[in-house]
Amino acid sequence: MKRGTAWIATGLAAGLAMGCAETPTALDQDQELPEVAFSHRGRGGSSIDQSQPLADAGATFTIAVGGNSNQLVAQLFTSGVTGKMRELEVPVACADGMLVAEIRDVVAGLPGTMVIRSETFDPSDLTTFIPGVATFSVLPFRPSPDLVAGTQYAMVFDNPTGSCGMLPGPLGDPYAGGDGYAFDDVNGQWVPIELGTGRFDIPFYTYMR
């Protein structure tokens with residue numbers, strides 16, 4: 001299937017004109033709230049390095065990962081220290097399939113094709129969206145990739161066999177170390193995620209040791 005140009009998914013409320021039909025995992029009003037899995041503290045002696053912590057939990061859309069558009073979503077970041085990246089935290093939930101999270105190189109300011117490390121996560125590994133709450137999922141990398149201080153990398157997310165949704169960041173460009181992108185296979189290029197949204201970055205935390 002082709003990766004379409006419609007790269008913002010509806011999910012939390014009414015859809016956007018340029019959206020597609022993916023719906024993130026969300027609780028019904030009578031469901032019990034799950035245990036929140038994220039800590040923003042890291043595990044195994046790791047600590048926060050880079051972050052864009054602001055997630056718009058009240059947004060009326062989510063960013064599609066996989067789904068009908070087979071979309072890849074990426075965020076560039078600049079490592080602040082040299083060491084091992086133990087985990088990521090991002091506000092993503094999946095209805096089905098498997099979430100693939102990769103750390104890649106960056107070429108000419110865009111996500112490259114060299115995969116430094118890849119991990120796959122079942123939807124049950126992720127934190128269910130809670131309406132109105134910025135819920136982050138913890139994505140550990142084992143073995144942990146080695147990153148170099150001052151070097152820019154790309155975190156890339158895909159779901160080749162199912163559908164995920166990711167909460168957007170706030171309006172503007174709060175993270176100075178890189179921007180977010182989505183892959184548009186029709187045009188054969190990565191496109192800035194801010195097109196049509198005014199939001200340059202996805203929410204994320206990186207943990208280093």
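The model is predicted, so local features need pLDDT of at least 70 and side-chain atom pairs count only at pLDDT 80 or more, while totals for chains, interfaces and linings use all residues. Residues are numbered from 1 along each chain as its sequence is written, and side-chain values use heavy atoms, with hydrogens and water left out.

Reader: Hello! How many salt bridges are there?

Author: A salt bridge here is a side-chain nitrogen of Lys or Arg within 4 Å of a carboxyl oxygen of Asp or Glu. One of them joins arginine 117 to glutamate 119, with the closest N and O atoms 2.9 Å apart. By this rule, the count is 4 salt bridges.

Reader: Which residue meets aspartate 56 in a salt bridge?

Author: Strands here are DSSP runs of E with at least two residues, numbered from the N terminus (helices are runs of H or I with at least four). Aspartate 56 sits in the loop between strand S3 (47-52) and strand S4 (61-66), and its partner is 143 residues away, in the loop between strand S15 (189-192) and strand S16 (204-208). The N to O distance is 2.9 Å, and the partner is arginine 199.

Reader: Is arginine 199 buried or exposed?

Author: Buried means under 20% relative accessible area, exposed over 50%, and partly exposed in between (1.4 Å probe, protein chains only). Aspartate 56, at 24%, counts as partly exposed. Arginine 199 has a relative accessible area of 12%, so this residue is buried.

Reader: How many residues apart in sequence are aspartate 146 and lysine 84?

Author: These two form a salt bridge, with 2.9 Å between the closest N and O atoms. Aspartate 146 lies in strand S11 (residues 146-147) and lysine 84 in strand S6 (residues 83-90), so the pair ties together parts separated in sequence by 62 residues.

Reader: Why is the ring pair of phenylalanine 77 and tyrosine 153 given the class it has, and what is that class?

Author: Rings of Phe, Tyr and Trp (its six-membered ring) pair if their centres lie within 6.5 Å; planes under 30 degrees apart count as stacked, over 60 as edge-to-face and the rest as tilted. By this rule there are 5 aromatic pairs. For phenylalanine 77 and tyrosine 153, the centres are 6.0 Å apart and the planes stand at 35 degrees, so the pair is tilted.

Reader: Which class does the pair of phenylalanine 183 and tryptophan 190 fall into?

Author: Both residues are buried. Their rings are 5.2 Å apart centre to centre, with 75 degrees between the planes, which makes the pair edge-to-face.

Reader: How many residues does the largest nonpolar core have?

Author: A nonpolar core is a set of buried Ala, Val, Leu, Ile, Met, Phe, Trp, Tyr and Cys residues joined through side-chain atoms within 4.5 Å. In the largest one, the residues with the most contacts inside it are Phe77, Leu99, Ile103, Leu139 and Phe157. Apart from it lies another core of 8 residues, among them Leu72 and Trp190. The largest core has 27 residues.

Reader: Which residues is glycine 178 in contact with, leaving aside its neighbours within four places in sequence?

Author: Glycine 178 is buried, with a relative accessible area of 10%. Its C-alpha atom is separated by 6.9 Å from that of threonine 78, 100 residues apart along the chain. Contact means heavy atoms within 4.5 Å. Leaving aside neighbours within four places, the contacts of glycine 178 are Gln75, Leu76, Gln152 and Asp201.
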